[in-house]
Amino acid sequence: MAGRVALRGGIAVAAMLLLFGAGLWTVSRMTPTVHPPAESASEPVEEFTAGELLLTVEPRRVPPGTRSVRLSADCASPPAETVAQSGAFAGSPAFTRDPSGTTTHADAALDPALAPGRYHVFARCGTRFGSAELEIAAGDGPPESAARERVATTRITLAPARTGEWRDHPAGEHTTAEPDPGQAFVRVGLVHEMRVPVDDPDVAALRAGAAGYNAAAFLESRLGTFDVETSQSLLDLEYSAPVVRAEPGSGEAVITYTGLYYGTASTVTEAYAGIAYTPPWPAAEPPLNAHEIVASATGWTVAGVSGPPPLAQDAHLLRLNGGRPARMAFIRDGRNASVAGYLGEDRMLAAFLEGGEFEDPPGAEDDTEPVTLWNLGDPDTFVGRAWTASLVTAMAAAVLIFLHALARALGGAWWRRRRNWPLAALGVGGGAVYLFATESGLLEFTVWTLVAGVSGLALFSTCRAARGHSDLPVAVAAVFAALAGLVLAAWPLASAFGPWPATGVLAVAAAVTAAVPRLRGGLTRTGLTLLGAGGMLAAMAVVAGFGPPHLMWVALLALGWLATVFGWSSEASHRWTVPGAARWLLVTSVVFGVPVYALTYLDDRSTWASMAWDEVFSVAMTVVYLGLPLLALMMLVVRMRRFGQDHEGLTEPAAFHTAVFLLLFARLQATGLAVGVLMLLVWAGVFVLLPAPRAELLRPVPADEHRLLVRDMIKRRSARTALTALLRQPGEGDDFEQRRQALERAGDERDGTLDSDLALSTLAGRTPWQNGLASFWVGLGLSLPFSAVRIVESVRAGQTGVPELAAAALAVVSLPLLCMVFGYFYPRVRGTHPVAKCLSLFVTALLVELPTYMLTLLVASSGGVVPSTLGEPLAGVLVAVGNTAVVSIGLGLWWEWRLMWLAGEPWGRVRNVRTLRALAAPLAAVSIAVATTAATALVNNVIAPLPGGTAAETTPSPTRSP
């Protein structure tokens with residue numbers, strides 16, 4: 001036996017040494033990521049790096065008649081993904097890989113009839129780009145074009161335009177723009193001419209099609225930006241494709257950019273036309289030797305100019321030197337208008353220059369800070385400081401309550417498990433780094449530590465929780481470990497042997513593992529072995545000086561997310577089945593994958609297989625600091641669902657505090673210090689809705705018992721109704737007394753152990769989770785009309801950013817979440833029957849929802865989104881109160897009908913639809929619903945939009961006269 005153990009140990013040591021040697025051999029075949037180009041012995045090599053691709057031309061300078069030059073690109077991608085083009089090439093060069101493995105080269109054939117001059121070479125490797133320069137020299141002296149200058153002339157024409165003339169605009173065929181009555185049609189034309197050497201880099205770029213799609217961006221980086229402003233813009237300034245003109249033998253080329261703008265100017269009010277020029281920043285490369293701007297106007301008079309002193313000025317002409325910011329203002333001939341504010345960008349100084357007092361023009365924006373709930377107090381007064389101190393105190397208390405609810409929602413058992421302590425430490429540490437870190441390197445390290453640590457802890461915790469119940473978590477953890485090892489090993493193998501041989505090696509390793517019974521039986525050891533081998537190989541490559549590719553980080557991020565989802569969902573639901581795990585992985589990948597993709601900015605040339613590091617890190621940041629917290633919140637709901645599978649969920653502290661935490665989390669839709677007050681109101685509202693539970697209502701009530709209780713309740717109610725009718729009739733004698741006593745006994749007697757008067761206050765044979773889910777959907781449906789109106793108002797207010805959408809989602813589900821808590825803890829809700837309980841819900845909803853709505857309405861009113869008069873916001877608040885009443889009373893009546901339906905009894909047994917008095921509550925709900933609809937239709941301009949990340953801002957009207 002001892003010999004067998006020694007033999008196994010020797011085999012293991014030999015295998016480890018063999019694996020280590022194979023890793024060294026693999027790494028030795030790799031070359032550094034940045035490969036320095038070899039120097040040419042005959043000519044110095046000029047290198048030009050654009051982006052990330054290093055491109056060289058050897059030799060850089062050749063005599064006329066040279067047949068080919070050597071191109072070298074620092075590219076680790078397959079040679080088929082490396083391309084180069086230039087006007088000097090006779091054809092498209094074909095690249096091949098150097099023995100080094102990270103460099104490709106090609107022999108580019110040159111056109112034998114090339115004229116002397118400079119020719120630019122553009123190359124691509126995957127999504128990396130670069131360029132270099134090739135010079136055809138006529139002799140030993142400097143090239144003839146070296147002394148030539150680069151000059152530019154901009155000609156601006158401003159003139160009236162005829163109707164329909166806008167069709168010559170680049171976008172004129174796709175619009176039906178027409179001037180409004182009382183508006184004068186204006187045409188502004190810009191023509192930029194750049195005279196440059198024929199071998200100028202811009203000429204080479206334009207011949208390659210650089211400005212075919214977006215001429216404006218190409219022009220602005222060289223000449224600068226020109227902005228045109230009139231009363232109304234019909235067709236914005238847009239440039240057609242530039243034109244290059246080069247005459248044989250001249251040695252010069254003229255590049256012409258033509259842009260058009262169409263707008264209108266008011267004929268009844270003071271209006272001007274302005275043209276602003278901003279030089280390029282940083283300075284254009286190569287720089288211009290001279291740039292002259294000439295502006296001429298027909299029907300318009302030069303009213304003012306700012307910037308460099310004009311070279312020439314007349315009533316209809318301006319000549320300026322480019323290179324410095326400038327503004328030009330024109331007024332229609334024979335008219336007056338205020339232009340000092342436009343030229344100087346300061347209204348007070350403009351009023352001083354124009355000799356008048358400063359007044360805000362009609363419709364001008366108010367630059368003061370909007371009045372909101374958290375800045376009502378004047379900091380210079382005692383009341384203001386006390387108000388601010390109260391808000392700060394409320395915020396601090398709300399934070400403590402929020403953290404307390406989170407800690408209690410996790411539960412005492414969760415905190416007693418030591419395996420959860422590292423997860424809490426990672427959460428606290430990661431949040432602190434996110435809030436206070438100033439170095440990007442520390443934040444990057446923290447993000448990837450969280451990806452690895454959270455996923456590993458999730459798998460470890462679910463394996464411990466499933467011990468004795470299922471072996472599935474262990475097997476899945478081993479599979480994830482094996483996949484992570486294969487991803488780590490794929491990079492060095494693909495870099496050393498190519499992608500297809502590496503794929504073959506990994507496929508063989510996976511096939512052998514699946515085919516050999518002993519390896520398949522020891523799945524845990526196999527997964528750890530593959531993880532160790534892949535980690536060792538990747539670590540050796542890193543130590544040798546190689547940088548991991550971005551695709552590897554993306555793959556590891558995806559594996560970490562899937563491992564976390566499996567671990568958390570399995571432990572939260574206590575379901576250890578393959579179909580359940582597959583459903584969770586699929587659902588969360590779709591639900592969270594779409595927002596992550598939408599929130600991540602990717603370059604147009606990027607793909608998920610080849611992204612820049614900033615894009616990879618942006619995806620990782622979104623997953624860690626947005627996806628994981630939302631996933632944890634979802635897991636709390638799943639855990640609450642598990643608690644709510646039986647009646648014990650009514651008294652489970654973790655379930656109660658999870659509900660409180662969800663309601664507090666929904667208040668995060670508000671901004672500023674006011675969120676503290678709102679969260680305190682939510683905390684108080686929960687205790688109003690859910691008082692100390694009555695012991696008799698907490699026991700389970702099966703469906704059969706619920707049916708008997710309802711029937712007994714109906715019998716007792718019928719007896720009491722008959723007794724009331726008897727007592728209203730005059731009568732005496734023994735017969736009357738016997739009937740009265742019999743009806744009193746029938747009204748007081750009960751058959752079961754539970755008072756049948758509480759028959760409509762039980763679980764009714766359903767679980768707390770079933771009740772909570774049903775009330776959530778009913779509340780969502782009842783609140784949907786009002787939410788739809790607020791969504792429309794939010795779109796009108798321009799609240800379409802990511803913070804606004806997140807706050808809007810919380811606001812839409814806020815009231816349905818309260819309804820869900822009402823259904824989940826229904827027996828505990830204050831009241832003895834559904835309508836009384838729904839009134840408690842109404843009071844709580846007013847306490848919770850109305851302050852948030854009023855705050856949102858106040859912010860929107862101060863921002864100029866809705867009129868800020870007293871009557872209209874008051875109508876909006878009344879509409880919100882009506883909506884809350886509709887949801888509360890509607891849910892109560894629906895609950896009453898549901899309880900009767902579950903008992904197999906018609907609703908009319910408890911609510912007589914034949915009398916108007918019995919229909920008072922339903923008619924009241926319908927009346928409120930009708931009033932809400934009518935008020936919404938009449939005053940929908942005072943419906944507050946859904947709360948956003950910031951207060952809404954007023955945007956200038958496009959039709960306002962400047």
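Biologist: How much of the chain counts as buried?
Modeller: In this predicted model, 42% of the 962 residues count as buried.

Biologist: And how many helices and strands are there in the chain?
Modeller: The chain has 25 helices and 21 strands.

Biologist: What about contacts between residues at least 6 apart in sequence: what share join residues at least 24 apart?
Modeller: Of those contacts, 74% join residues at least 24 apart.

Biologist: Let's zoom in. Where does threonine 154 lie?
Modeller: Threonine 154 is part of strand β10, which covers residues 151-160.

Biologist: Is threonine 154 buried or exposed, and why?
Modeller: Threonine 154 counts as buried because its relative accessible area is 0%, and the cut-off for buried is under 20%.

Biologist: Which residues does threonine 154 touch?
Modeller: Setting aside residues up to four places away in sequence, threonine 154 touches Val191, His192, Phe226, His291, Glu292, Ile293 and Val294.

Biologist: His291 to Val294, which strand is that?
Modeller: Those residues belong to β17, residues 290-297. Eight bridges join β10 to β17, and the two strands run parallel.

Biologist: Which way do the side chains of β17 point?
Modeller: They alternate along the strand. His291, Ile293, Ala295 and Ala297 point to one face and are buried.

Biologist: What do side chains do in a regular strand in general?
Modeller: In a regular strand they alternate between the two faces of the sheet.

Biologist: Which strand is joined to β17 by five bridges?
Modeller: That one is β20, residues 317-321, and it runs antiparallel to β17. In β20, leucine 318 is the bridge partner of alanine 295.

Biologist: Remind me, how do strands of a sheet pair?
Modeller: They pair through backbone hydrogen bonds, either parallel or antiparallel.

Biologist: OK, sheets then. In what order do the strands run in the open sheet with β12?
Modeller: That open sheet has four strands in the order β12-β16-β21-β18, with antiparallel pairing. Its edge strands are β12 (225-229) and β18 (300-306), and each of them pairs on one side only. On average, neighbouring strands of this sheet are turned by 15° against each other, direction ignored.

Biologist: How many bridges join β18 to β21?
Modeller: Six bridges join them, and β21 covers residues 326-332. Within β21, arginine 332 is the bridge partner of tryptophan 300.

Biologist: And the sheet with β3, what is its order?
Modeller: The order is β3-β9-β8-β5, four strands in an open sheet with mixed pairing. The edges are β3 (61-62) and β5 (82-85), each pairing on one side only. β5 pairs with β8 (residues 117-125) in the antiparallel sense over four bridges. Alanine 84 stands opposite alanine 123 in β8.

Biologist: Helices now. At what angle do α9 and α10 pack?
Modeller: Helix α9 (residues 440-465) and helix α10 (residues 472-497) pack at about 160°, with their axes 9 Å apart. So α9 is roughly antiparallel to α10, as angles over 145 degrees count that way.

Biologist: Which residues make the contact?
Modeller: Leu459, Thr462 and Cys463 of α9 meet Pro473, Val474, Ala477 and Phe480 of α10. By class, that contact divides into six nonpolar residues, one polar and no charged. The crossing of these two helices is left-handed.

Biologist: How far apart are the axes of α16 and α17?
Modeller: They are 10 Å apart, and α16 (residues 613-643) packs on α17 (residues 653-666) at an angle of about 145°. α16 passes α17 in a left-handed crossing. From α16 the contact includes Leu633, Met640 and Phe643, and from α17 it includes Ala654, Thr658 and Phe665. The classes there are eleven nonpolar, one polar and one charged.

Biologist: Last one: where is alanine 210 found?
Modeller: Alanine 210 sits in the loop between α2 (201-207) and α3 (215-220). With a relative accessible area of 42%, alanine 210 is partly exposed. Leaving aside neighbours within four places in sequence, alanine 210 is in contact with Ala205 and Phe218.

Methods:
Residues numbered from 1 in each chain as written. Predicted model: local features only at pLDDT ≥ 70, side-chain atom pairs only at ≥ 80, totals over all residues. Heavy atoms only, no water. Buried < 20%, exposed > 50% of the residue type's maximum accessible area, 1.4 Å probe, protein only. Contact = heavy atoms within 4.5 Å. Axes fitted to C-alpha atoms, helices over the stretch in contact; angles between N-to-C directions. Left-handed = near helix turned anticlockwise from the far one by under 90°. Nonpolar A, V, L, I, M, F, W, Y, C, P; charged D, E, K, R; others polar. Parallel < 35°, antiparallel > 145°, perpendicular 65-115°, else oblique. Pairing = 2+ DSSP bridges.
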